Amino acid sequence: MARWNEKKHVLDHEHSLFWRHRLVDVSEPNLMRNVFPYVEVPRIDFDHKLLPIDPADDIFITDTTFRDGQQARPPYTVEQIERIFEFLHRMSGPNGVIRQSEFFLYTDKDRRALEACLSKGYTFPEITGWVRAVAADLQLVVDVGLKETGILTSVSDYHIFLKMKMTRKEALEKYLAIVKTALDKGIRPRCHFEDVTRADTYGFCVPFAIELMKLREESGIDIKIRLCDTMGFGVTYPGAALPRSVPKLVRAFVDEAGVPGHLLEWHGHNDFHKVLVCAATAWLYGCSGANGTLLGFGERTGNAPIEGLLMEYIGLRGSMDGIDTTAITDAAQYFEKELGYRIPPNYPFVGEDFNATKAGIHADGLVKNEEIYNIFDTKRLLNRPVSVIITDKSGVAGIAYWVNNRLRLTGDQRLDKRHPGIVKMHKRVMEEYATGRTTSISNEELERWARRYLPEYFVSEFDRLKERARSLAAHLVAEVVENAAIRSMDPSLQEPVLQTLLELNPFIQYIYVTDAEGRKITRNIVHITDRAKYEAAQVGEDLSDRPWFIEPMRDGKVHITDFYTSRYTGALCITVSAPIRNELEEIVGILGIDIRFEELAKMEEMAKDGRSRSA
């Protein structure tokens, strides 16, 4: 059989029904130990068959910052999701370069965030969902009014046999049943072929895709397939073999399964440092969608960074297509200032040093013409001027430029070169060279001196931690007061929830609930080591004169106190409190949480050292 290829203007061979790939059901899992030995580094094997590039008619980016990306960091608040979504919209532009953004649907916070983003009325990114392959989960999609959702459909024998304890036939039947249910509800399914680079391409993946395309034809509803390189095994080398070859995987789905390129999407992970090149290669071989996250946040090593995908898109298309690249810088600054995330200085496009050079010979060239050592006009495209390199030849003006650039001071805020702090920094630089120094001054050194001589322009570590404590506390209490057990105002239901919250967050010192009259109704929820110190705090104690009680009762909002010394433990603390509401939204009580600042500071220090993540 043959079908006309509109693009190449010849007849393409098409398998007859007899020759179509069919499911190969096996009694034992094929774990491909010759390629994935597990006790050694995975092998990259070749079949020496070369494929020409064959891009899809349309290529675009899809986002999973709020789904996969959120699995790698402390959860975002509703307000943070709303703000980040605005950055994605700016990056997408009017033509929908970032076509879709994927949201969780399971918690009340998830749904409030989704509603806030939907209310903006943006065409792009379109908001889609993500659910498990469970029929009940699809009702969540219907309830929030989304047109499309991702469905987890694991395809490797590692998942089918070892995790799900099924056969391939059973897994296929399960997946097709959930897809049919989605179609019956008018939902556009997006099947996530989890672990596709470790799966049997022709024994399971292609036959599964063929069945999906049959359902698409019968229903008239598009069915998408996300090719998930879950473990980062994908490779782009010419002649590499399946299942690790990105080109051959994409072409197998297009040519053998008959999946149109606009219904294919690549989702990768960076376990082997190949996440961005694999996504771009998928584009080149016929896959329309490349999935990523802002700053590459994602499970384990992360996903393709959206800022990198945007640059790759522009490079491949030769057009900006309405992309606002300055939103990349604004988003990065938001992550640093508002979320407390420290971007590595050498991180491409947004790191502090990404468009600076420290080699002296390079610095000389940069002074003569910035194009010599700058990748593109970073001031125009990213609102990031070239960073000046400080040496003994920089002068006081060079120091002033560095400081103003580092602090992002503009207009009347800019510091003059005669500012006493600038003069002192210049003197410190010249002392370095007077003692024989030959290398340029690092940004770390300049930062240290700037903090010493211009302290009023820097947020101290203590101030940053205070703000972090307030933000985290507000987020915690806002989540907890929505819990059904807390809203019940039944202490026997509330106390187990509060105890779990205490155990999960060691920086919490004390949790308590009062009724609407200010009387404490719960027992002391404290760490066992502090229990004796709180003997004076009894059930029934009248706390109605406390500011943390009065303010939420007055305005119905979360209240955060200033720092104080706990009368029970002597520790430096803040108290965060929020109203508890019944089903009529009436305030029926107040939840209070005391945060121990020292424990929070220790947790932050461990996170900086890479030893743990925030709870």
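This is a predicted model: local features need pLDDT of at least 70, side-chain atom pairs count only at pLDDT 80 or more; totals for chains, interfaces and linings use all residues.

Reply: The protein has 615 residues, and 51% of them count as buried. Its secondary structure comes to 20 helices and 17 strands. The C-alpha trace spans about 80 × 70 × 50 Å along its principal axes. Among contacts with a separation of 6 or more, 68% join residues 24 or more positions apart.

Now the core. In soluble globular proteins, nonpolar side chains tend to be buried together. The largest nonpolar core here holds 99 residues. Four of its members touch the most other members: Met91, Phe193, Leu212 and Phe253. Helix 6 (residues 201-219) supplies the largest share of this core, with 9 residues. A second, separate core has 28 residues, including Ala473, Leu476, Met489 and Ile593.

Take Met91 as the close-up. Leave aside residues up to four places away in sequence. Met91 then touches Ile98, Leu294, Ile306, Leu310, Ile323, Asp324, Ala327, Ile328 and Ala331.

Is Gly322 buried or partly exposed? Gly322 is partly exposed, because its relative accessibility is 40%. Its contacts, again not counting residues up to four places away in sequence, are Arg90, Gly93, Pro94 and Asn95. Gly322 and Thr281 are 41 residues apart in sequence, and their C-alpha atoms are 23 Å apart.

Next, helix 15 (residues 443-453). Its buried residues are Asn443, Glu445, Leu446, Glu447, Trp449 and Ala450. These buried residues pack against helix 13 (395-407) and helix 14 (420-434). An α-helix has 3.6 residues a turn, so residues three or four places apart point the same way.

Phe597 counts as buried because its relative accessibility is 9%, under the 20% cut-off. Ala469 is 128 residues away from Phe597 in sequence, yet the two C-alpha atoms are 7.2 Å apart.

Then the cysteines. How many disulfides does the structure hold? The count is 0. Cys191 shows the reasoning. The closest cysteine sulfur to that of Cys191 belongs to Cys228 and is 10 Å away, so the pair is too far apart for a bond. The cut-off for a disulfide is 2.5 Å between the sulfur atoms. Cys191 counts as buried because its relative accessibility is 0%. Cys573 is buried as well, with a relative accessible area of 0%.

Ile44, Phe46 and Tyr237 make a nonpolar surface patch of about 260 Å². Phe46 sits in the loop between strand 2 (10-13) and strand 3 (60-63). Phe46 counts as partly exposed because its relative accessibility is 40%.

Note on methods
Residues are numbered from 1 along each chain as its sequence is written. Side-chain values use heavy atoms; hydrogens and water are left out. Buried means under 20% relative accessible area, exposed over 50%, partly exposed in between (1.4 Å probe, protein chains only). Patches are made of residues with over 30% relative accessible area and no salt bridge: like charges are joined within 9 Å, nonpolar side chains (Val, Leu, Ile, Met, Phe, Trp, Tyr) within 5 Å. Accessible areas come from the Shrake-Rupley method with a 1.4 Å probe; for residues, only the protein chains shown count as cover. A salt bridge is a side-chain nitrogen of Lys or Arg within 4 Å of a carboxyl oxygen of Asp or Glu. Helices (H or I, at least four residues) and strands (E, at least two) are DSSP runs, numbered from the N terminus. A nonpolar core is a set of buried Ala, Val, Leu, Ile, Met, Phe, Trp, Tyr and Cys residues joined through side-chain atoms within 4.5 Å. Contact means heavy atoms within 4.5 Å.
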